[in-house]
Amino acid sequence: MIERMNSLLYCEKKDLNYIRKFFIISRIIMLIYFVLESYMSITPVKFLNLDIEHYYDIALNGYNQAYQFAFFPLFPMIFRVCLWICDYQIGAYIFNLGVSYLSTILIYKIAKDIFNYDSDMVKNIITYWLLSPIAFFVTIPYTEGVFLFLTLLSFYLYRKNSNPYILGVVIGLNALSKSWALMFFLVLFGIMVFDFLRKETKFFYIIKTYVVASLIMLLYPIYCFLQTGNLFFFSKVQYLEWNRVPSNLVDILLTDMEWLTKEINENTWSVLMLIPLCLYLYYIVYGFVNILRKNNHFTLSNKLFIAGSLVVCFYVMTSCKIDWDGGLASTSQWRALASLAPMYFFPVSKMHLKISSVIFTIFSLIIIFCFCSNCLLC
């Protein structure tokens with residue numbers, strides 16, 4: 001077990017030094033800015049803004065309100081353990097900070113060992129990841145950090161043909177992290193079947209993996225059924241309690257533009273709401289352009305995994321929108337795309353890295369400011 005962990009975390013010394021330095025510097029700057037903004041803003045409870053408050057409440061008291069069932073249980077359980085250890089929410093910040101670092105190592109390992117990028121490209125990918133606007137949300141007590149880490153770990157373990165029972169546990173736990181992870185659960189199963197048909201994966205490897213994964217994945221739907229009488233209440237509650245309605249990509253974009261046209265005329269500050277919309281559109285274009293682009297580093301199986309993750313999760317996200325009273329339909333959905341592991345498997349040119357680094361940094365500063373002000377921009 002120790003040998004396997006060492007293999008999983010091993011990085012070449014010069015690369016490890018770069019990862020550590022860039023990770024530490026970027027996170028210190030971001031967290032200092034976050035703390036300063038939190039204490040300068042007018043908020044009733046410091047560091048418990050927006051969804052953090054819901055995770056915190058579930059961690060302390062369990063699911064005692066219908067709207068809380070929209071939040072999957074894995075991160076609230078982790079939050080509860082962190083509160084038990086530290087008796088304050090700072091433990092959840094420390095936990096996510098550690099998970100974010102491990103995700104950085106996994107992105108390095110996948111880029112180098114599975115996609116076989118050279119050292120310069122791997123460094124570009126790591127820099128792109130560490131400067132991405134999602135970096136803030138995988139550091140604070142949001143579920144994106146755990147979701148992205150478990151997605152990366154599942155993909156890495158499968159490609160390394162690791163123990164199917166361990167892989168099944170990781171996939172199952174990921175399915176308890178958020179609703180989008182259920183789609184990843186199906187996508188990886190589809191890739192395994194595809195590899196089986198090409199005689200690259202054994203039938204019983206898939207069975208062993210998904211028996212374990214399914215048993216864990218079913219825990220939350222069963223809990224929902226016992227509490228509410230509805231096996232899929234975690235999905236239904238989105239429409240009942242969170243002002244969401246059936247939608248699609250075109251409708252979301254038209255709704256956002258109409259909302260922005262109305263609000264900007266009345267309130268100049270509403271122009272900031274263009275940021276989540278721009279990020280949403282950016283990740284859509286970035287993802288699908290890279291899927292269509294020829295890349296000798298992608299095997300057909302890996303390309304299908306990337307395409308499947310984006311298409312299925314994209315479909316799930318655009319199946320609902322936020323009512324006008326709650327802000328833009330794309331407000332939180334850019335985070336869904338940015339927290340998808342495949343977004344960090346694509347090659348990143350130096351020019352793209354320079355441009356995106358500047359834009360990402362500006363957007364991140366504004367997003368953190370708005371988050372600390374309890375603004376729905378996030």
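Visitor: How much space lies in the largest cavity?

Guide: Happy to show you. This is a predicted model, where local features need pLDDT of at least 70, side-chain atom pairs count only at pLDDT 80 or more, and totals for chains, interfaces and linings use all residues. Residues are numbered from 1 along each chain as its sequence is written, and side-chain values use heavy atoms, with hydrogens and water left out.

The largest cavity holds about 40 Å³ of space. A cavity here is a set of points, on a 1 Å grid over the protein atoms alone, where a 1.4 Å probe fits but cannot get out, and lining residues have an atom within 4 Å of a point. Its volume is the space filled by probe spheres set on the points, which are joined across faces, edges and corners.

Around the largest cavity sit Asp15, Tyr18, Ile19, Tyr108, Ser119, Val122, Lys123 and Ile126. Helix H2 (13–40) and helix H6 (119–131) are the elements that give two or more residues to this lining, and H6 provides the largest share, 4 residues. Helices are DSSP runs (H or I, at least four residues), numbered from the N terminus. By class, the lining has 5 nonpolar, 1 polar and 2 charged residues; Ala, Val, Leu, Ile, Met, Phe, Trp, Tyr, Cys and Pro count as nonpolar, Asp, Glu, Lys and Arg as charged, and the others, Gly among them, as polar.

In total, the model has 2 cavities of 30 Å³ or more.

How values were computed. On a 1 Å grid over the protein atoms alone, a cavity is a set of points where a 1.4 Å probe fits but cannot get out, and a pocket is an open set with protein on both sides within 12 Å along at least five of seven lines; lining residues have an atom within 4 Å of a point.
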